[in-house]
Amino acid sequence: MFGLMSFLRLFSTDFDGTLIGHPSDGRCLPAFAEVLRRHRAAGGLWAVNTGRGLDHALEGLEKFSAPHEPDFLLTSEREIFLRGRDGGYFPHAEWNDLCYARHDRLFEVSAAVVRSICRFAEHSPDVEVIVEDGRPVGLITSGEHVMEDVAAFIGREAADHPDFSFQRNTVYLRFCHRDYHKGSALGELCQMLGIDRSEVFAAGDHFNDIPMLDGRYAAFPCCPSNAIPEVKRIVAEAGGYVAVRPAADGISEAWEIFSNGPLS
Ligand SMILES: [Mg+2]
């Protein structure tokens, strides 16, 4: 079984809720460490594809203590960083710079949408605006049920701004251009590496993972047992694997299944 997995050239794994569960001490579980070792030995590459920003992702990975570091960090659901020979991560500048420019433009064009979202938050004790570099970039809510209402509100407010979208993950929501998400970032990475979707394994648990789990960018999508129902449905529809076990143990389980070839 293990010897047959070299056709999976790239792993794209979410981090929170997928590699580290809740509760967790934040450390890599033995079964997943073994998967990483075998994947690496077979020449495979690993991207952590997360909603975390770069610094926060690095913090999490240090604690995680995997047998080796990821080759790529896809952060904030849209930016791409490559691991250099010195062990540091450097930006895929062409992609990231265009990403920043398109978001600058988006926030200009859709300033009214952001203003109305901020007004909504001001009047709700359960919603707080996240500000980065002086700009509102997203929201945090007091609970996941509140996020349902917030997402519906933004959907209505942005109805006339088709480029204005968001990524949501538990109580966090990040505003974004509709062209940028974990899927398109993964697609760009694959294009750069010359890797086809038929060689990609993707794992995630929440709403912001759906764009990389719907089959468009990865032929081998999976989710742990703790994934939300929407993710389980998308993974199943894409011919992927919904694990019985939670978090990284579920991802290891999926990898063992996929190592024997496509499910259908
Ligand atoms: Mg997650």
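Pro23 lies in the loop between β1 (10-13) and α1 (30-41), where helices (H or I, at least four residues) and strands (E, at least two) are DSSP runs numbered from the N terminus. The peptide bond that joins His22 to Pro23 is cis, with omega at about 0 degrees. The model is a predicted one, in which local features need pLDDT of at least 70 and side-chain atom pairs count only at pLDDT 80 or more, while totals for chains, interfaces and linings use all residues. Residues are numbered from 1 along each chain as its sequence is written, and side-chain values use heavy atoms, with hydrogens and water left out.

Two other loops contain residues other than glycine with a positive phi. Asp133, in the loop between β6 (127-132) and β7 (135-141), has a phi near 50 degrees, and this residue is exposed, with a relative accessible area of 84%. Thr170, in the loop between β8 (164-169) and β9 (172-177), also has a phi near 50 degrees, but at 24% relative accessibility Thr170 counts as partly exposed.

Helix α6 (residues 182-193) has 12 residues and reaches 16 Å from its first C-alpha to its last, close to the 16 Å expected at 1.5 Å a residue, the expected span being 1.5 Å times one less than the number of residues. Nine of the 12 residues of α6 are buried, so that the helix is mostly covered; among them are Leu186, Leu189 and Cys190. Just after α6, Gly194 takes a positive phi of about 70 degrees.

The buried interior can be followed through its nonpolar cores, a nonpolar core being a set of buried Ala, Val, Leu, Ile, Met, Phe, Trp, Tyr and Cys residues joined through side-chain atoms within 4.5 Å. The largest has 30 residues, of which Phe32, Trp46, Phe64, Phe201, Cys222 and Phe258 touch the most other members. At least two residues of this core come from each of α1, β2 (45-49), α2 (54-64), β10, β11 (220-223) and α9 (247-258), and α9 gives the largest share, five residues. A second, separate core of 27 residues includes Trp95, Cys190, Ile210 and Leu213.

Turning to the cysteines, a search of the whole structure finds zero disulfides, a disulfide being a pair of cysteine sulfur atoms within 2.5 Å. For Cys176, the nearest cysteine sulfur is that of Cys99, 9.2 Å away, and Cys176 counts as buried at 1% relative accessibility. For Cys223, the nearest cysteine sulfur is that of Cys222, 7.0 Å away, and Cys223 counts as buried at 0% relative accessibility.

Terms used
Buried means under 20% relative accessible area, exposed over 50%, partly exposed in between (1.4 Å probe, protein chains only).
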